[in-house]
Structure formats: C-alpha cells, structure tokens
Amino acid sequence: MCKGIAVQPDPVNIPATQTGAVRVVLIVDDSRLQLRIMTAMLSRMGFEVLSTDSGVKALEICAEQKPDLVLSDWMMPEMDGLELCRRFREMQSDSYGYFILLTSKSEKGDVAEGLDAGADDFLTKPVNSHELRARINAGARVLSMERQLSDKNRQVSEALNELQEIHEAIDKDLRQARTIQQSLVPERVCEIATSRVSLLLRPCGHVGGDLVGMFRPGYDRLGLYNIDVSGHGITSAMVTARVAGYLSSNFPDQNVALEKRFDRFYAMREPAETACLLNQRLVADPGVEEYLTMAYIAADLQTGRVRMVQAGHSPPMVLRANGDVEFFGNGGLPIGLVDHVDYDQHEFQMHSGDMLLLYSDGFTEAVMKNGEMLGEDGLAQLFKEASKCGQGPDLVEDMFWRLTSEMEDSTKLGDDVSAALLEFDILDEPVENPT
C-alpha cells in the first residue's frame with residue numbers, strides 16, 4: 001500500500017491558512033519519514049501539528065487533544081486507517097472532526113469503503129502541498145459551517161430552555177389564576193327556601209371570561225346572573241374578577257344590585273337599574289376596553305315573581321313543569337360598550353317545578369358533529385333530556401357532558417361554557433333562613 005513512497009514537498013513556502021476552523025491537525029502514519037515530511041509541510045502552513053505512528057496511540061491523542069482534522073494513512077499495522085476512522089467516529093465529542101485518508105487506492109469500491117467508515121475526503125500519495133492545503137481548506141469550510149450550525153443550535157436550545165422556564169412560570173401563574181377565578185364562585189349549589197340553585201363554569205383555557213354567581217339579600221330573595229366578558233384569557237378573567245366584586249355576595253355594601261334601607265337591611269334594586277349602574281362602572285374604568293353581556297334576574301322565591309334584564313346576553317330559558325320551553329328577553333346592548341344606556345326590564349312568573357336556565361353562548365355556538373351550531377332549539381332539547389336524568393348540579397353537569405360528547409371536537413372547547421340553573425319550588429320543606 002504505497003509504503004516507502006515519499007511525500008513530495010512543494011518548494012514554495014506556503015502561508016498559513018486563513019481559515020480558523022482548522023487549528024490542530026493530527027497526522028497518523030507508520031512511516032517516520034512521512035511523518036517528518038507531513039509535519040514540516042503543515043507547520044509551514046501555520047497549523048499546530050500532532051503526530052503518531054499508531055492508530056491505537058492516535059485514539060488516545062484524540063481523546064485528550066480533540067484535533068480539528070485527522071490525516072491518516074490507510075494501510076498500517078495493528079489498526080489500519082479504516083478502523084481508526086470508525087473508532088474516531090464512535091468517540092463522543094462536542095464538535096465534528098474532519099477525517100482525510102491518505103491512500104494510493106483509487107477504485108470506486110475502495111472509496112465507497114472509506115466513506116462508509118466515516119472518511120470525509122481522500123488524498124492520493126505522493127501528496128502535493130497545494131492539493132493538501134486545498135483539501136484542508138475545504139475541510140475547514142465544512143467544519144466552520146458545522147460549528148456555526150452547532151452554535152446556532154446551542155443558541156436555539158438555550159432560547160428554548162429559557163422559553164420553557166418562562167412557559168412554566170406563566171403556566172404556574174395561570175393555574176393559580178384559575179384557582180382564584182374558581183374561588184369567585186364559592187358555592188356551586190345552594191338550596192334557598194324551597195328552591196335550588198346550581199352553577200356551572202367551564203373555561204376553554206386556564207382562565208376564562210365567563211362568570212356565574214348569586215347572592216341572597218333575604219330569606220326568599222335571590223339575585224342570579226350569568227356574564228360573558230368579550231374575548232378570552234387573562235384580560236377577560238381580570239374583568240370578571242372586577243365584576244364579581246361589583247356583585248359580591250359577601251360584601252353587600254359593595255354590591256351594585258343592592259341598596260341599604262333604613263340602615264337595617266339590604267333590598268334589591270330593579271335589574272334595569274343594576275345594569276345601568278354596572279355599565280357606568282365599566283365605562284368609567286380607565287384602560288378597560290372589554291365589555292360584557294349579562295343575564296341577571298331578581299327573584300322572589302315565595303311568589304315566583306322574576307324580574308330580569310338581558311344586556312346583549314343569550315335569552316334566559318324556562319323549562320316548565322309540563323315540558324314547555326319559553327325564552328325571555330329581546331337582546332339589549334352589552335354592558336361597558338357605550339355610556340348612558342337604558343335597559344329594558346322583563347318580568348315573568350315561575351310555578352312549582354319550573355326550571356330557569358341562564359347560559360352563555362358557549363352552549364349555543366358550540367359546533368356539533370354535523371357541522372352546525374347547537375343553537376337555542378338544540379339547547380332546549382339538551383335541557384329537556386338532561387332534566388329527565390338528574391337534578392341540581394348533576395343536571396348542569398349532564399348538560400355539559402352531552403354538549404361535549406356531541407361536539408365536532410370533543411377534546412377542545414371553542415369558548416367558555418357557563419350556566420346558572422334555578423329549580424323553583426321543588427323541595428318538600430323550606431330551607432331555614434341562612435341569616
């Protein structure tokens with residue numbers, strides 16, 4: 001295999017390479033003469049040169065020194081250039097090492113064998129210094145691109161790690177925000193006099209813009225609402241938190257739906273007046289661009305008289321004890337959209353066994369498997385079917401289950417889903433006055 005063939009040095013003094021990707025070169029050849037000639041040639045080019053006459057020793061050097069480029073003779077005792085190349089490729093390294101085989105072989109099969117072993121290039125003996133420099137510079141370009149790519153990958157990896165940390169921090173905050181938002185609805189079911197209220201709140205993300213709630217200023221008085229803030233996510237959730245304070249069940253002095261009478265008790269305002277006051281609050285809030293729709297009722301649970309305001313919200317639905325369904329309301333402007341709005345007030349009567357449902361458009365605008373939205377008629381049918389299978393919180397949970405099981409994409413809500421259910425006069429014995 002060309003043993004004893006001397007390398008032909010070029011008499012021209014070759015300047016150091018201008019490519020910085022190759023700095024350290026390892027020469028492996030069992031011919032000491034070849035090692036001296038190649039070392040001298042590469043040193044004149046400006047490289048730091050390492051040399052050895054053994055493939056085994058070459059692996060030891062590679063493990064410690066990590067040369068940028070290896071020039072190895074093909075035919076050597078104990079370990080030939082092919083085996084050295086394979087072992088070199090198997091070594092763990094942070095960067096790529098360029099490998100050139102020195103050989104007199106020129107058959108395509110031999111070249112293919114060298115490429116399969118992991119060689120990057122070949123030099124035919126005797127080696128010409130200009131060709132050597134050209135091959136090394138070609139290797140330097142490859143190494144330079146590889147290192148640039150590695151650097152970019154490192155930067156991308158660091159950026160991804162940083163983004164992951166940020167994502168985890170945001171996710172943690174959102175989970176906490178979800179817990180806080182859920183605390184805005186502390187009671188999901190409540191029995192009042194001979195009636196029962198059940199609430200459902202299912203945001204489409206960590207947090208949402210829907211809100212349901214109730215307050216009880218007296219033994220048989222009930223304020224019940226369903227609110228849908230424009231948009232989704234954190235901003236909408238912050239607005240719901242603010243509105244929850246305006247309709248607080250724990251602090252009646254802050255509740256715009258209540259007014260104190262004779263410094264002794266709180267009475268319920270007319271729903272239309274409550275909507276106007278809430279609209280004034282939201283319009284006056286600086287920096288708040290969101291608006292909300294609302295269905296709000298003030299109910300006398302002794303007589304069944306219900307007063308209602310519908311501010312751009314889905315029309316409340318009553319499922320009568322005989323199975324008939326009625327919708328109430330004629331729309332109206334959302335709250336917080338424009339200043340100086342007057343709201344219409346509606347009144348209707350509930351009878352024993354009737355059920356009132358306030359709901360968000362997350363129900364009616366959900367896309368079903370047939371490609372169409374559920375709609376009000378679909379919701380009425382769903383309400384009827386669920387009412388045959390359960391009561392109270394089980395009923396509203398069953399409605400949600402029936403909705404999602406028939407949706408086009410049952411794994412993902414397209415909008416927040418919420419509902420407030422009032423089952424009127426269904427209990428045999430009245431619940432004691434909680435106050």
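Which residue in E3 stands opposite Ile-27? Hold that thought for a moment, everyone, and welcome. One thing to keep in mind is that this is a predicted model.

Let's start with the sheet. Five strands make an open sheet, ordered E2-E1-E3-E4-E5, with parallel pairing. At the edges you'll find strand E2, residues 48-52, and strand E5, residues 121-124; each has a single partner strand, so one side of each has no neighbour in the sheet. From one strand to the next, the twist averages 20 degrees.

Now back to my question. The residue opposite Ile-27 is Leu-71 in E3. E1 and E3 run parallel and are joined by four bridges. On to the pairing of E3 with E4: five bridges join these two, again running parallel, and here Leu-69 stands opposite Tyr-98 in E4.

Five of its five residues are buried, so E3 is largely enclosed by the rest of the structure. Leu-69, Leu-71 and Asp-73 point one way, while Val-70 and Ser-72 point the other way. In a regular strand, side chains alternate between the two faces of the sheet.

Moving along, E4 covers residues 98-103 and is joined to E5 by four bridges. Leu-102 has Leu-123 in E5 as its bridge partner. Helix H3, residues 81-90, packs on the sheet and touches E1, E3 and E4, with its direction at about 175 degrees to that of E4.

Last stop, the surface. Val-156, Leu-160, Leu-163, Ile-166 and Ile-170 form a nonpolar patch there, with about 450 Å² of accessible area together. Val-156 lies in helix H5, residues 129-183, and counts as partly exposed because its relative accessibility is 46%.

Note on methods:
Residues numbered from 1 in each chain as written. Predicted model: local features only at pLDDT ≥ 70, side-chain atom pairs only at ≥ 80, totals over all residues. Heavy atoms only, no water. Pairing = 2+ DSSP bridges. Axes fitted to C-alpha atoms, helices over the stretch in contact; angles between N-to-C directions. Contact = heavy atoms within 4.5 Å. Patch = residues over 30% accessible without salt bridge, like charges linked within 9 Å, V, L, I, M, F, W, Y side chains within 5 Å. Areas by Shrake-Rupley, 256 points an atom, 1.4 Å probe, with all protein chains shown as cover. Salt bridge = Lys/Arg side-chain N within 4 Å of Asp/Glu carboxyl O. Buried < 20%, exposed > 50% of the residue type's maximum accessible area, 1.4 Å probe, protein only.
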